[in-house]
Amino acid sequence: MINPGLQYPIFGSEIKCPHCRQVIPALTLTDTYLCSRHGAFEADPKTGDLVHLQSGRHWRLWQGEWYRQHTHADSIRFEIHEALDRLYTEGYRATKVIIARRYRDLVSTYLERSTPWRSNAGDGSCPRLYGLPVDFSPDPAEEPCWETINFDLEKEPGVPVRYPYYRVFE
Ligand SMILES: [Zn+2]
């Protein structure tokens with residue numbers, strides 16, 4: 001007996017394209033999804049990543065949303081900048097950025113520190129991005145979403161605003 005689930009890649013018979021959000025079909029007996037606008041995406045059953053073959057971009061799925069997995073500090077900084085921009089145009093002010101722990105090494109050299117050589121943790125030694133204090137997320141073992149999502153913004157009055165609400169590709 002053939003298990004019909006095995007004929008499709010790990011994300012099933014169709015997915016939403018991470019770029020344009022159109023529903024796109026899987027090619028049976030392959031790990032590939034094909035978007036008419038963006039070409040082929042390949043699901044990696046080992047890592048659970050979806051890879052855009054043309055650009056090499058990786059995506060992971062969390063609760064029905066794709067999250068781009070960053071390999072360059074510039075691209076995650078850009079994504080955070082876009083989210084801050086949208087928050088601002090909606091009339092809110094961000095008070096903190098919480099970045100996924102897995103990006104710590106990638107972004108830490110880019111964070112602003114007003115007094116980098118002081119070891120006592122006064123306010124001035126807090127790492128900042130775009131002027132906002134930065135925290136790193138809990139370990140994914142404690143909160144599994146942090147294996148996949150990239151960052152949270154905390155806005156006044158302290159309610160965390162979770163990206164995908166501020167998706168870059170819409
Ligand atoms: Zn597409």
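Visitor: How many residues does the chain have, and what share of them counts as buried?

Guide: In this predicted model, the chain has 170 residues, of which 36% count as buried. The chain holds 2 helices and 12 strands, and from the N terminus on the elements follow the order β-β-β-β-β-β-β-α-β-α-β-β-β-β. Of the contacts with a separation of 6 or more, 50% are made by residues 24 or more positions apart.

Visitor: Which strands are joined to strand E4, and how do they run?

Guide: Strand E4, residues 39–44, is joined by 4 bridges to strand E3, residues 32–35, and the two run antiparallel. Within this pairing Cys 35 has Gly 39 of E4 as its bridge partner, and a hairpin of 3 residues leads from E3 to E4. E4 is also joined by 4 bridges to strand E5, residues 49–52, again in an antiparallel arrangement; here Ala 43 stands opposite Leu 50 of E5. The hairpin between E4 and E5 has 4 residues between the strands, and Gly 48 in its turn has a positive phi of about 75°.

Visitor: Strand E5 also carries His 52. Is that residue buried or exposed, and what does its side chain meet?

Guide: His 52 has a relative accessible area of 6%, and since the cut-off for a buried residue is under 20%, His 52 is buried. A polar atom of the His 52 side chain lies 2.7 Å from the backbone oxygen of His 38, and the side chain of His 52 also makes a polar contact of 2.8 Å with the side chain of Ser 55. Leaving out residues up to four places away in sequence, His 52 touches His 19, His 38, Ala 40, Phe 41, Arg 57 and Trp 59.

Visitor: How many salt bridges does a search of the whole structure find, and where do the partners of the one between Arg 21 and Glu 65 lie?

Guide: The search finds 5 salt bridges. One of them joins the side chains of Arg 21 and Glu 65, with 3.0 Å from N to O; this pair links distant parts of the chain, with Arg 21 in the loop between strand E1 (14–16) and strand E2 (23–25) and Glu 65 in strand E7 (residues 65–69), 44 residues apart. Arg 21 is partly exposed at 27% relative accessibility, whereas Glu 65, with a relative accessible area of 17%, is buried.

Visitor: Which parts of the chain does the bridge between Glu 156 and Arg 93 tie together?

Guide: The side chains of Glu 156 and Arg 93 meet in a salt bridge at 3.0 Å, N to O. Glu 156 lies in the loop between strand E11 (151–155) and strand E12 (159–162), and Arg 93 in the loop between helix H1 (73–89) and strand E8 (94–99), so the bridge ties together parts 63 residues apart in sequence. Glu 156 counts as partly exposed, at 38% relative accessibility.

Visitor: With which residue does Asp 135 form a salt bridge, and how accessible are the two partners?

Guide: Asp 135 forms a salt bridge with Lys 96, and their closest N and O atoms are 3.1 Å apart. The pair links distant parts of the chain, with Asp 135 in strand E10 (residues 132–136) and Lys 96 in strand E8, 39 residues apart. Asp 135 is partly exposed, with a relative accessible area of 35%, and Lys 96 is likewise partly exposed, at 24% relative accessibility.

Visitor: Which residue lies over the face of Tyr 92?

Guide: Lys 155 does, at 3.3 Å from the ring centre of Tyr 92.

Visitor: Where does Cys 126 lie, and which residues is it in contact with beyond its sequence neighbours?

Guide: Cys 126 lies in the loop between helix H2 (104–108) and strand E9 (128–129). Leaving aside neighbours within four places in sequence, Cys 126 is in contact with Glu 112, Pro 133 and Val 134. The C-alpha atoms of Cys 126 and Arg 113 are 6.4 Å apart, and these two residues are separated by 13 residues in sequence.

Conventions
Residues numbered from 1 in each chain as written. Predicted model: local features only at pLDDT ≥ 70, side-chain atom pairs only at ≥ 80, totals over all residues. Heavy atoms only, no water. Salt bridge = Lys/Arg side-chain N within 4 Å of Asp/Glu carboxyl O. Buried < 20%, exposed > 50% of the residue type's maximum accessible area, 1.4 Å probe, protein only. Pairing = 2+ DSSP bridges. Contact = heavy atoms within 4.5 Å. Polar contact = N/O pair within 3.5 Å; in protein donor to acceptor, adjacent residues only side chain to side chain. Lys NZ or Arg CZ within 6 Å of the ring centre and 35° of its normal.
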